[in-house]
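Visitor: Hi, could you walk me through this one? I'd like to ask things as they come up.
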Amino acid sequence: MAANPAPVSGSEPPLPRHVAIIMDGNGRWAKKRFLPRIAGHRQGVEAVRRVSRAARKLGIEVLTLYAFSSENWRRPQEEVRDLMGLLRHFLASELDELVSEGVKLRVIGEWRSLAPDLAGMIDAAMARTADNPGPTLVIALNYGSQAEIVAAAQRLARDVQDGKLAPEAIDAARFESALETTDLPPLDLLIRTSGEQRLSNFLLWQAAYAELMFVDMLWPDFDEKALAAAVGQFGRRERRFGGL
């Protein structure tokens, strides 16, 4: 991961290179309409389509979406099954568009422990888009930031144990190189929908200097206008990165 850029002055407001979204509120969206939770999740998938297209139009280099956390397995089995079915449908229905738009698909998290057919779909989708030159869509699946940080620490500890790395050589940059997001731009803007104000174990290291926005809108209602408004607000913030 590259170092955070210095604040840029000029007439044009800065555009975030890397935007991440905690997509929250599908269940509440459905409840407000007296619909089953799966209806909210279906509309949430539609929001993913809208927002990923909007991000490309705005020129955002990387969009990272928190699709399924490692804690979401605690939900009822039927809901988890429905979510995995929607993921299969999304991959099958959107892959051609991602390819034609030059989008590179990236999945982070312990996705290889998902059902074999789903893991195979993910692997094939990433391989098919690997050489695309355009923006990157990152999906966080079976992801937990604490687990990612622990895995990075273990990886570096093994290198020390094997004599490949001196302990004093481990600095912030070296640690970042062991994270799953190592080759992505620094996280500039993290948005959470539905009015909740917590990070929920998402990109904890990466969010160290990110701008945080908590919006009341439920995820199924989030659209191009809402994303543009968040990007506009980002452009009006002064980022000091610890300086004056």
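Visitor: How do the residues of the lining of the largest cavity divide into nonpolar, polar and charged?

Guide: There are seven nonpolar, two polar and two charged residues in that lining. Ala, Val, Leu, Ile, Met, Phe, Trp, Tyr, Cys and Pro count as nonpolar, Asp, Glu, Lys and Arg as charged, and the others, Gly among them, as polar. Some ground rules before we go on. This is a predicted model, where local features need pLDDT of at least 70, side-chain atom pairs count only at pLDDT 80 or more, and totals for chains, interfaces and linings use all residues. Residues are numbered from 1 along each chain as its sequence is written, and side-chain values use heavy atoms, with hydrogens and water left out.

Visitor: What volume does the largest cavity have?

Guide: About 80 Å³. A search of the whole structure turns up one cavity of 30 Å³ or more. On a 1 Å grid over the protein atoms alone, a cavity is a set of points where a 1.4 Å probe fits but cannot get out, while a pocket is an open set with protein on both sides within 12 Å along at least five of seven lines; lining residues have an atom within 4 Å of a point. Points are joined across faces, edges and corners, and a volume is the space filled by probe spheres set on them.

Visitor: Which element gives the largest share of that cavity's lining?

Guide: Helix H2 does, with three residues. H2, S2 and S4 each supply at least two. Among the lining residues are Ser 52, Arg 56, Glu 61 and Thr 136. Those H and S labels are DSSP runs numbered from the N terminus: helices are H or I with at least four residues, strands are E with at least two.

Visitor: OK, pockets now. How much space lies in the largest pocket?

Guide: About 810 Å³. Its lining has 35 residues, and Met 23, Tyr 66, Ala 67, Phe 68 and Asn 72 lie nearest the centre. Elements giving two or more residues to that lining include H1 (26-32), H2 (37-58) and S2 (62-69). H3 has the largest share, six residues. By class, the pocket lining has 19 nonpolar, eight polar and eight charged residues.

Visitor: Which residues of H4 are buried?

Guide: Leu 118, Ala 119, Ile 122, Ala 125, Met 126 and Thr 129 are. Down the axis of H4 they fall within an arc of 125°, so they line one face of the helix. The arc is that of the directions from the helix axis to the C-beta atoms. Pro 116 and Ala 127, on the other side of H4, are exposed. Buried means under 20% relative accessible area, exposed over 50%, partly exposed in between (1.4 Å probe, protein chains only).

Visitor: What do the buried residues of H4 pack against?

Guide: H3, S3 and S4. Over in H5, the buried residues pack against S4 (136-143) and H6 (172-176).

Visitor: Which ones are buried in H5?

Guide: Ser 145, Glu 148, Ala 152 and Leu 156. They cover an arc of only 70° around the axis, which puts them on the same side of H5. An α-helix has 3.6 residues a turn, so residues three or four places apart point the same way. Gln 146 and Gln 161 are exposed on the other side of H5.

Visitor: And Trp 219, buried or exposed?

Guide: Trp 219 is buried, at 1% relative accessible area. Trp 219 sits in the loop between S6 (211-214) and H7 (224-236). Leaving aside neighbours within four places in sequence, its contacts (heavy atoms within 4.5 Å) include Ile 21, Met 23, Val 48 and Thr 193.

Visitor: Last one: what's the phi of Ser 194?

Guide: Near 85°, a positive value in a residue other than glycine. Most residues other than glycine have a negative phi. Ser 194 lies in the loop between S5 (189-192) and S6, and counts as buried at 9% relative accessibility. Ser 200 lies in the loop between S5 and S6 too, with a positive phi near 50°, but Ser 200 is partly exposed at 30%.
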